[in-house]
Each structure stands twice: as C-alpha cells, then as structure tokens.
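Q: I am new to reading protein models and would like a close look at one part, the aromatic rings and what surrounds them. Could you walk me through it slowly?

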Amino acid sequence: MKRVVFASTAAAYGDVAEDLLPLREELPLEPLSFYGLTKVMAERYLALYHKLYGLDYVVLRFANVYGERQGDKDEGGVISIFAKRVAKGEPLTIFGDGGQTRDFIYAGDIANGIVHALTTDHANTAYNLSTQTETSLNDLVAIFGKAVGQELRPTHQSAREGDIYRSMLANEKAKTSMGWQPEVSLEEGLRRTVTYFASI
C-alpha cells in the first residue's frame, strides 16, 4: 500500500495559551509564521487528496529536533549552536532570562517515529513526536554541563521579540496508536551531539 509520511512541525499550532500545554493534535492550527503556514497547508492537501483519491498519509508534527549534523538555523537550532560552542570551548549566550522552555527530541527518535508511521494501521491522521517534557534553556545548559563533565556559565542578553516562551507537545497519541516512544534521554543525546561536533 502506498503512503505519504509528511514532516510537519510544532509551529503549526502557533502561540497557544500555556494552560493548554502539552499541545494535543486536536487543537486548532493557527501558525504565526510562513514556515508553520506552509506545513499546515501541506497537511490539508494530504487530507483532501486522501478524501478524493484514497492515498494514505501520516502527518508527524515534530517538537524541537536535535542531533548530530544539525545546522544552526531555524527551529531547534539552539542545541546545535550550543553544541558547537561547547565543543570549541566557547561561551554560551541565552537570550532572555533562560526560563523559556522547549520540548527537545533526539533525531534518532524521530527516525524511529517515521518507521512507525510507515507501518502503522492507524493512518490518515496527525501525530506529535515529542518527549512531552519541558526543558528550560537554563536547565539545558546545566544538562549540557553534565553531559560534558564541566560547569557552563552562560551570559544573558535581551530576549528576542516573537519567541514563544513555553512549548511542549503531547505524545500519548503516537504512543497509543503507533506504538512509538522516545528512547534517548536529553543528556545522552547532548553527549552524542557534542561528541560529533568535537570530531569535525
């Protein structure tokens, strides 16, 4: 059977009220960026194509993905930026108070989720792939320090306008319907990522 697996994003939800965290798949999609909008439109094309022509699809809305070989642009780039700096012994900078949170998920867990999406009996719907864990940037720096065995002391600069303060995606639907779950801890994932950037 043919099937399309589409890589979507947490940005599809937009800036949702914090009392709705963790964000669930049934929430309205109200993106605040053109990046998020393009993902939402592709999701709708897939749903319509399935309705008209019967092509199966699975939409995967990724949380903040990180891992080896990641670039430092766009969503989730903070880990790539920090990993490169830690690997080179350079200082870290946090924009804002560091209390802003993200749901960081290792690229290997995303790859595993894609395999599950290809084989699940529960297609033609959207799933969040996330750890369902909020990690603040301050905590992220502390976990980086544990991963590399040294204390890291970041500097702080003014917060950047337009940044969402808190973000976390629910993952119960993916666990229940696809049998998927994240397996790599943030500390282990950061260790692998720093090791990679230190080797290049």
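A: Happy to! The structure holds four aromatic pairs; rings of Phe, Tyr and Trp (its six-membered ring) pair if their centres lie within 6.5 Å, and planes under 30 degrees apart count as stacked, over 60 as edge-to-face and the rest as tilted. In one of these pairs, tyrosine 196 and phenylalanine 197 have ring centres 5.1 Å apart and planes at 70°, so the pair is edge-to-face.

Before going on, a word on the source: this is a predicted model, where local features need pLDDT of at least 70, side-chain atom pairs count only at pLDDT 80 or more, and totals for chains, interfaces and linings use all residues. Residues are numbered from 1 along each chain as its sequence is written, and side-chain values use heavy atoms, with hydrogens and water left out.

Arginine 69 is found in the loop between β3 (64-66) and α2; helices (H or I, at least four residues) and strands (E, at least two) are DSSP runs, numbered from the N terminus. With a relative accessible area of 63%, arginine 69 is exposed. Its phi is near 70°, a positive value in a residue other than glycine.

Next, look at helix α6 (residues 186-199), which packs with helix α4 (residues 137-148) at an angle of about 65°, their axes 9 Å apart. Axes are lines fitted to C-alpha atoms, for helices over the stretch in contact, and angles run from 0 to 180 degrees between N-to-C directions. That makes α4 roughly perpendicular to α6 (angles under 35 degrees count as roughly parallel, over 145 as roughly antiparallel, 65 to 115 as roughly perpendicular and the rest as oblique). Among the contacting residues are Leu140, Ile143 and Phe144 of α4 and Leu190 and Val194 of α6, where contact means heavy atoms within 4.5 Å.

Conventions
Buried means under 20% relative accessible area, exposed over 50%, partly exposed in between (1.4 Å probe, protein chains only).
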